Amino acid sequence: MLPFRDFWIPNLPDDLDRLILYISYGDPSLHPSAATMPLWGLEKAFARFPFMSKLTICFPDIPVTLSDALTVSAVCFPEAHAKGILEVTVRDWDMEW
């Protein structure tokens, strides 16, 4: 099975303006880095979406504060964070279906 970056991103429309990723938080004891964060480097694949105005990461739950979750997410998506388009939220995924 191909990873999200290689399978889904190439199939998304070039004029994409909002992307919502539903992911599990992971181990809170790990320091954010390329070796510990599964989404590290994914932001480079978003370069082909010049109109992206919001990148939302939805966690089903988090073992840290929302501020800490945003900090960790900002490490994976520094450009989106710097542009102010990165949003982190906690939502019950079952409510989304």
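Me: Is arginine 48 buried, partly exposed or exposed?
Reply: In this predicted model, arginine 48 has a relative accessibility of 29%, and therefore counts as partly exposed.

Me: What does the side chain of arginine 48 meet in a salt bridge?
Reply: The partner is aspartate 14, whose side chain comes to 2.0 Å from that of arginine 48, taken from N to O. Aspartate 14 has a relative accessibility of 48%, so this residue counts as partly exposed.

Me: How many salt bridges does a search of the whole structure find?
Reply: The search finds 2 salt bridges. Besides the pair of aspartate 14 and arginine 48, there is one between glutamate 87 and arginine 18, with the closest N and O atoms 3.5 Å apart. Glutamate 87 is in strand E3 (residues 86-90) and arginine 18 is in strand E1, so this pair ties together parts that are 69 residues apart in sequence.

Me: And how accessible are glutamate 87 and arginine 18?
Reply: Glutamate 87 has a relative accessible area of 28% and is partly exposed, and arginine 18, at 37% relative accessibility, also counts as partly exposed.

Me: Which side chain does glutamate 87 join in a polar contact?
Reply: That is threonine 56, with a polar contact of 2.7 Å between the two side chains. Threonine 56 sits in strand E2, and is buried because its relative accessible area is 0%, where buried means under 20%.

Me: Changing topic, what about glutamate 43: buried or exposed?
Reply: Glutamate 43 is buried, yet has no salt bridge. The nearest side chain of opposite charge is that of lysine 83, which is 7.0 Å away, whereas a salt bridge needs the nitrogen and the carboxyl oxygen to be within 4 Å.

Me: Where is glutamate 43, and what does it touch?
Reply: Glutamate 43 lies in the loop between strand E1 (18-22) and strand E2 (54-59). Not counting residues up to four places away in sequence, glutamate 43 touches Cys76, Phe77, Pro78, Glu79 and Ala80. A polar atom of its side chain lies 3.1 Å from the backbone nitrogen of glutamate 79.

Me: Lysine 44 next, how exposed is that one?
Reply: Lysine 44, which is in the loop between E1 and E2, has 71% relative accessibility and so counts as exposed. From C-alpha to C-alpha, lysine 44 and cysteine 76 are 10 Å apart in space, although 32 residues separate them in sequence.

Me: Which residues of H2 are buried, and what covers them?
Reply: The buried residues of H2 are Ala69, Val72, Ser73, Ala74 and Cys76, and what covers them includes E2, helix H3 (78-83) and E3.

Me: Last one, what lines the largest pocket?
Reply: The largest pocket, with a volume of about 260 Å³, is lined by 20 residues, of which Tyr25, Gly26, Met37, Pro38 and Val72 lie nearest its centre. The elements giving two or more residues to that lining are E2 and helix H2 (66-76), and H2 provides the largest share, 4 residues.

Terms used:
Residues numbered from 1 in each chain as written. Predicted model: local features only at pLDDT ≥ 70, side-chain atom pairs only at ≥ 80, totals over all residues. Heavy atoms only, no water. Buried < 20%, exposed > 50% of the residue type's maximum accessible area, 1.4 Å probe, protein only. Lys, Arg positive; Asp, Glu negative; His and termini not counted. Polar contact = N/O pair within 3.5 Å; in protein donor to acceptor, adjacent residues only side chain to side chain. Contact = heavy atoms within 4.5 Å. 1 Å grid on protein atoms, 1.4 Å probe; cavity = no way out; pocket = protein on both sides within 12 Å on 5 of 7 lines; lining within 4 Å. Points joined across faces, edges and corners; volume = space filled by probe spheres on them.
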